[in-house]
Amino acid sequence: MKKITLTINGKIIQAQPGTTILEAAREHGIQIPTLCFLKELGAVGACRVCVVEVEGEETLQAACSTPVAEGMVIHTDSKVVRDSRRMTLELILSDHPYVCPTCGRNNTCELQRLADDLDISMYFGFYSNPAEKLKGEQSKHPLDDSGFSVVRDPAKCVKCYRCVSVCDQVQGIHAITFDEKGFQTTVKPVVGAVLADTDCVSCGQCVRVCPTGALQVHDNLDELRAALADPQRYVVVQTAPSIRVSLGEAFGLEPGSITTGQMVSALRRIGFDKVFDTNFGADLTVMEEGSELLERLHQGDTLPMFTSCCPAWVKWVEQYYPQYIPNLSTCKSPQQMFGAITKSWYAKKAGIRPESIFCVSVMPCTAKKAELRRNELAVNGLADVDFSITTVELARLLQQQRIDVATLPEEDFDSVLGESTGAGAIFGATGGVMEAALRTACELTGETAPASLDFHAVRGSVGVREAAFTMKGKELKVAVVSGLAEVRKLMEAIDAGKADYQFVEVMACPGGCVGGGGQPVPFDEEIRKKRAAAIYKVDESMSLRKSHENPAVKEVYAELLGSPLSEKSHELLHRTYAEVEK
Amino acid sequence: MIQNEKTASLTLCLKDDERHGKNMKITNDWAINIAKQSLDYCLKESCGKCVPCRIGSKRAAEIMARIENGEGEPQDLETLERLCKYMTTTSACGMGQATGNMVLSMLPHLCQNDTAE
């Protein structure tokens, strides 16, 4: 197609027809500030921060939503544009609480950054409060900390539409919506007064996209500090597969930097008694879940079998497709399996009372905070896991103590629950659970070892991927899906009998755990892909890449469990589900 | 360039007027009524999507109310002018743009009346 010629800031450039002014400008290195715009969710044009002057037009145009046209002459940084942007910021700030130093998004807030970029402090003069200039009524809405995962503070909301869009389009949950109009406009739960009244599955994608502190992770680090300071408590930490490839971002490292060793030494410096690896739990999950799949295939039980690692997905099934609960693997998630083994086998081995163990997990996930409170996930009344923090919270904890992950020496995980394989590592990316299970299942069935351990067909970032393998002469059809809106489409197909898979891996967040709601913000698909690539690099660098070769896993089976799906396994590592009343 | 001829002289008029002290009160009823009515309409009808209309109209109405109650300060008129120009140029649709224009075209009348006394 013929390209369009236009002029931006005196520079003649060419752009594809249909692109917006913003896209064309960014392509040519001309930066236009934005606030509500997020590439993956499409343009809204609500905040008016990206306005530019188009010659011949009476009004300023929003660069994010105005397509380029032949012969356009555009000024992105003229006085009238700068004044307009500053007034926009001035108005937003006049209806925004001044609590930056105590806000969880201090230093990562996009509004704060924008105020800095537009030099608002110079504009107002030092020591003057922008709210003074345009003083007036501020919108008042109550804080909603009803859930264990997400805290909503509508007073800090800038009405950018991102959370509503991500909940509607990407996750298909529709838990939050706009209410009222004009100055009273607010984002609120679609039913009831608080998020807990809605279908919210605590995936945290709204937290990920929120430019300010209006949506934040439920933070109770004081409880963790108290446990760490208590000499009576034996505080054990486990780190999810995707933390090691994203934590560095919070310390200025390039996305995709692998900081496994630094993360371990940082956790030791905080004062954890033992630093273990959720990857061990993941390896254990592969053993149980792989065996469960083979048993279901062999006995002709309910198929397809769905993975059950993702707590947001589990809640999703329970509330939308309860008739498919029997299809969920009965395996606990790696986080919970790890906790159960820590408080039984490890406690006995190390001579520690299980009750004195405080099991902490570092997760990329907001839903894990809710998962660990579920009654089904305890053995003899003792919760498997006591506390979960997100990657963002860990970064904050470290920054508060001036521990810089980027410069720390590398250290190894503690023995024995720090042992893991590459199969456990890839749980952090969509398709990883599937691939890890296939590696082990192929060998458990006595199939000749596959020539390559890399099942490329299940990797990638497309919403739904399917593949077929032959196992014992039979065809095994599998699917991998991430992002709950994609999940819904797949479930509808399965329910309508249009898809006949035997095994389906589901992750609620697009891209899997590397794209989790608790990961360092802001991030987009590009960064997510870099994190996933780093995860596969971790896998490749491991000497052991199949879960059943994990020496710690072998030890646990030899000393405690016997074999996968044994009675003891069922007691410790398997679970039940609850149908959610709607 | 985006300019409004009617209001070009407003800033000058304010600066030249030495009687502008604190607690200035402007009582040109018809002009203030038109400005107030258009702002009230905007407050009621704004969909709340874009910042100029959602917060801009609210702040403009608050300034108007201050002026009317005799609590206005000279800089209030300047702010109001700046705000309305901004609403006119930056609002996403005709709602905020027209409201900005309406109030903007009333400003010289408020001012003229005041200086003529």
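The contact between the two chains (heavy atoms within 4.5 Å) draws on 32 residues of chain A and 28 residues of chain B. The model is a predicted one, in which local features need pLDDT of at least 70 and side-chain atom pairs count only at pLDDT 80 or more, while totals for chains, interfaces and linings use all residues. Residues are numbered from 1 along each chain as its sequence is written, chains are lettered from A and ligands numbered from 1 in the order in which they are written, and side-chain values use heavy atoms, with hydrogens and water left out.

Put together, chain A and chain B bury about 2600 Å², with carbon and sulfur atoms giving 57% of that; buried area here is the accessible area (1.4 Å probe) that two parts lose on being put together, summed over both. On the chain A side, the most area is lost by A:Met87, A:Leu91 and A:Phe183, which together make up 21% of what that side buries.

A:Glu137 pairs up with B:Lys58 in a salt bridge, and their closest N and O atoms sit 2.7 Å apart.

Strand S3 (51-54) and helix H2 (79-94) of chain A each bring at least two residues to the side that touches chain B. Helices (H or I, at least four residues) and strands (E, at least two) are DSSP runs, numbered from the N terminus. H2(A) gives the largest share of that side, seven residues.

Elsewhere in chain A, a cis peptide bond links A:Ser415 to A:Val416, with omega about 5 degrees. A:Val416 belongs to the loop between helix H14 (391-400) and helix H15 (422-425). Another cis peptide bond joins A:Val521 and A:Pro522, where omega is about -10 degrees.

A:Ser202, a residue other than glycine, has a positive phi near 65 degrees. At 15% relative accessibility, A:Ser202 counts as buried, a label for anything under 20% relative accessible area, with exposed meaning over 50% and partly exposed in between (1.4 Å probe, protein chains only). A:Asn380 also has a positive phi, near 50 degrees, but counts as exposed at 75% relative accessibility.

Methods:
Salt bridge = Lys/Arg side-chain N within 4 Å of Asp/Glu carboxyl O.
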